[in-house]
Amino acid sequence: MDRILNYIDGAFVPPLAGQYLDNHEPRTGAVYGQLPDSTAADVDRAVAAAKAAFPAWQALKRQERAQYLYKIADAIEKKLDLFAKAESRDQGKPIHLARSMDIPRAVENFRFFAGAILHQQEKAFQTSPEVLNYTRREPMGVAGLISPWNLPLYLLTWKIAPALAAGNTAVAKPSELTPATAFLLAEVLDEVGLPKGVCNLVFGLGEKAGDALVAHPDVPLISFTGGTETAAVIGRRAAPLYKKISFELGGKNPALIFADCDLDAALATTVRSSFLNQGEICLCTSRLFVEESLLPKFTELFVERVRQLKVGDPESQDSFMGPLVSAEHQDKVAGFVQRARTQGHRVLCGGERVTPQKSLEKGYYFAPTVISTDDASPEIMQQEVFGPVVTITPFRDYADAVCKANSTRYGLAATIWTRNLERAHHAAADIKAGQIWVNTWMLRDLRVPFGGMKDSGIGREGGDYSLEFYTEEKNICLQLGRNQL
Ligand code: NDP
C-alpha cells in the first residue's frame, strides 16, 4: 500500500503524531493508500520552515525564481503520464482528461507565472518636478494555500506558482481526498532542487491541518478554493487576525439558451459543460434555461445525447465520465436527486447509481442526470450539487431569462447561447457572475480576472491579479530638492 508523507523543509517526513488516513480509489472503492493525518504541530513545523526560507527566497532575482518555476514545469511535463495516472486514480476522472486537461494546465500554471513575474509593472507618479511617488510590490511572507479535490493539481498549482513567483514561501494543504498528485509535485520540487522550506506540503483534514494553517499567526495570507460554507468558517477564523484572503467558491452556473442559437454548438458544448469531470468542476453548468419555443426540441436532443455518454472505468479511453470522488459525495448527489423526485420534479434521464462492470461494483459511479422543473426556487435549483446533475427550465423572454439566471446566492459563471450580439452583450452585463461565456465554455486567457460574485467568492486571481494578491503594495513619496546639484 502506498503511504505518502508530508514535505517539510525539503524533507519527506511522517506526521508528528504518527496518525494516517486511508485513501480510497473511487474506481473500485478500495483503500489503496494512506496519507498523514497531520495536526497543528506539523503545520507549525511547516510554517517555521517557510518563514525561515522567506528572506533568501524573496531576495532572489525574479529571473532566478522564474528559472525554478520553469524547471518545475518541465519536470511535471516529463512525468505527465505518471501524474495523469495518479490523478485519475485519486479523483476518479477519466485518465485521458487528466492527461489532456489537468496536468498540462498545471505545467502551464508554472510557465505562465514564471513569465508573468518578469513582466510585472510597478507604477510611478510624477506629482511635480520635485515630487515623485512610486510603488513597490512586496511579497508577504508565508502563503497559506488550501485547495479542493476536483482538479487537485490544477488548482493547487494555480496557487503555488504565483505565490512563489511573487517571492512568498508557501505551506499548502491539499484536499484529504486527493493527495496523490500533490505528493508527486513534492517529489518534483525536491528533484529540481527548490531551496528547502520554500514550498511545504502538509496533508490531512481541513478541520485539523487546514484550520491550524488558517489560524497560524505567521501566515499573513490565505488563498482558499472550496465550498462556500467552508469559506464562512475560514473567514470567521482569519478575519480577527487581519489576514489577506482570496476565496474561490461554489457555483450554480446557468446556461441561457435562446431560440436563435446555433443549436448544434449549444447542444454539444452544454453536454460537455454539464458533465465534464462528472460535473465536478466549479464552472460546470448546472441550470439550463431554454427559451419556451425551443424547449421541446432542445430537451429531446439534449437528453438523447446525455443518454449516450459513457460512464465507465476511468482507465478506459472511451469513458466520458468516471466515478464520483467518494462514497459520501455519491450519497450527497443521490440525496439531491431523490428529494427533487419527491418534490415532483421529473427525472428525464439518469438519477441513479450505476455499475459499469462487475469488477467496479463498489466504485462511486452515478449516471448523468437531467431533471425538468418549471420554477427556479426548489432546492435542486438553489444548492450546489457539484455532480452530474442538471436542471432544465423554460423561460419566456429576455427579462425572465436574466431573472431566473440571477435567482441564486451564487455568481461564479454563466453561459449565453444566441446569435444576437446585442442580446449577448446586455445579458453579459445583466447576469451577476464573475465569468460569462458567449457561445462557448471553459475558454480562458490566464491573464484575465478569475473569481466569483455574490457568495461565489472574494477577490480575483489570474495574471496580474494573482501577483497583486500575493504581494502588498507600498507607496514611496520622494521630495527631490535641488540643493546639491
Ligand atoms: P471543501 O470546502 O470541503 O474543502 C476545500 C478545502 O478546504 C479542502 O482542502 C478541505 O480539506 C479544506 N477545509 C475544510 N474545512 C476546513 C477548515 N475548517 N479550515 C481550513 N480548511 C478546511 O470543498 P471541496 O474539497 O468539497 O471542493 C468542492 C467545492 O469547491 C465546491 O463547492 C466547488 O464549487 C468549490 N470549487 C470552487 C472553485 C472556484 O474556483 N471557484 C474551483 C473548484 C472547486 P479536506 O478535504 O481535507 O476536508
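User: What makes the meeting of the side chains of arginine 409 and glutamate 229 a salt bridge?

Analyst: In this predicted model, the N to O distance between the side chains of arginine 409 and glutamate 229 is 2.8 Å. The cut-off is within 4 Å, from a side-chain nitrogen of Lys or Arg to a carboxyl oxygen of Asp or Glu, so the pair qualifies.

User: How many salt bridges are there between domain 1 and domain 2?

Analyst: The count is three salt bridges. Between the two domains there are also eleven residue pairs in polar contact, both residues at pLDDT 80 or more. Helix H3 (80-91), helix H4 (95-118) and helix H8 (228-238) each give two or more residues to the side of domain 1 that touches domain 2. H4 has the largest share, with five residues.

User: Which stretches are called domain 1 and domain 2?

Analyst: Domain 1 is 2-249 + 456-475, and domain 2 is 253-438. Their C-alpha centres lie 31 Å apart.

User: How do you know what each domain brings to the contact, and how many residues is it?

Analyst: Residues count when heavy atoms come within 4.5 Å, and therefore the contact takes 26 residues from domain 1 and 32 residues from domain 2. On the domain 1 side they divide into nine nonpolar, eleven polar and six charged.

User: What area do domain 1 and domain 2 bury between them?

Analyst: About 2,300 Å², with 55% of it on carbon and sulfur atoms. Arg27, Trp149 and Ser456 supply 27% of the area that domain 1 buries against domain 2, more than any other three residues.

Definitions and conventions: Residues are numbered from 1 along each chain as its sequence is written. This is a predicted model: local features need pLDDT of at least 70, side-chain atom pairs count only at pLDDT 80 or more; totals for chains, interfaces and linings use all residues. Side-chain values use heavy atoms; hydrogens and water are left out. Domain bounds come from an automatic or database domain assignment. Buried area is the accessible area (1.4 Å probe) that two parts lose on being put together, summed over both. A polar contact is a pair of N or O atoms within 3.5 Å; within protein, one must be able to donate a hydrogen and the other to accept it, and residues adjacent in sequence count only if both atoms are side-chain atoms. Helices (H or I, at least four residues) and strands (E, at least two) are DSSP runs, numbered from the N terminus. Ala, Val, Leu, Ile, Met, Phe, Trp, Tyr, Cys and Pro count as nonpolar, Asp, Glu, Lys and Arg as charged, and the others, Gly among them, as polar.
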